[in-house]
Amino acid sequence: CITIDQEMKDEGEIIGLSVEEGFYAVGRFELNPGSAFKQAWDHMVEWVEQNDCTFREGEYFEMYHNQPGTHPAGKIITDICIPIEPTDALRKSITAFEVSQICTTD
């Protein structure tokens, strides 16, 4: 996922989508390209279920923070984002952030 400030035309595997406001479970992973993504997604789904959150309508997406060639171990740093409706207890402990905050890299 990348953010842009203009309209875009969908082409091939590249599509535009709008990320709706709301709560998201966000997990950051350092993964070998192409190998552990399913495990990371499974881990996130398990976290949502174990924390009694409800999956809600919306886009599930990944955000990439680097190119594998720039990581010392050749890994890609990825956030997996799942739209959720948290429990009341979890809602009270969550700190809000903007998508732009988690898209920023050094």
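**View 1. R56 lies over the face of Y24, at 4.9 Å from the ring centre.** A charge counts as over a ring if NZ of Lys or CZ of Arg is within 6 Å of the ring centre and within 35 degrees of the ring normal. Y24 is buried, its relative accessible area being 18%; buried means under 20%, exposed over 50% and partly exposed in between (1.4 Å probe, protein chains only). The model is predicted: local features need pLDDT of at least 70, side-chain atom pairs count only at pLDDT 80 or more, and totals for chains, interfaces and linings use all residues. Residues are numbered from 1 along each chain as its sequence is written, and side-chain values use heavy atoms, with hydrogens and water left out.

**View 2. The one aromatic pair of the structure.** The ring centres of Y24 and F61 are 5.9 Å apart and the planes meet at 65°, so the pair is edge-to-face. Rings of Phe, Tyr and Trp (its six-membered ring) pair if their centres lie within 6.5 Å; planes under 30 degrees apart are stacked, over 60 edge-to-face, the rest tilted. Y24 belongs to strand 1 (residues 23–31) and F61 to strand 3 (residues 61–64), 37 residues apart. Strands (E, at least two residues) and helices (H or I, at least four) are DSSP runs numbered from the N terminus. F61 is buried, at 8% relative accessible area.

**View 3. The protein chain, with three helices and four strands.** Along the sequence the pattern is β-α-β-β-β-α-α. Buried residues make up 29% of the 106 residues.
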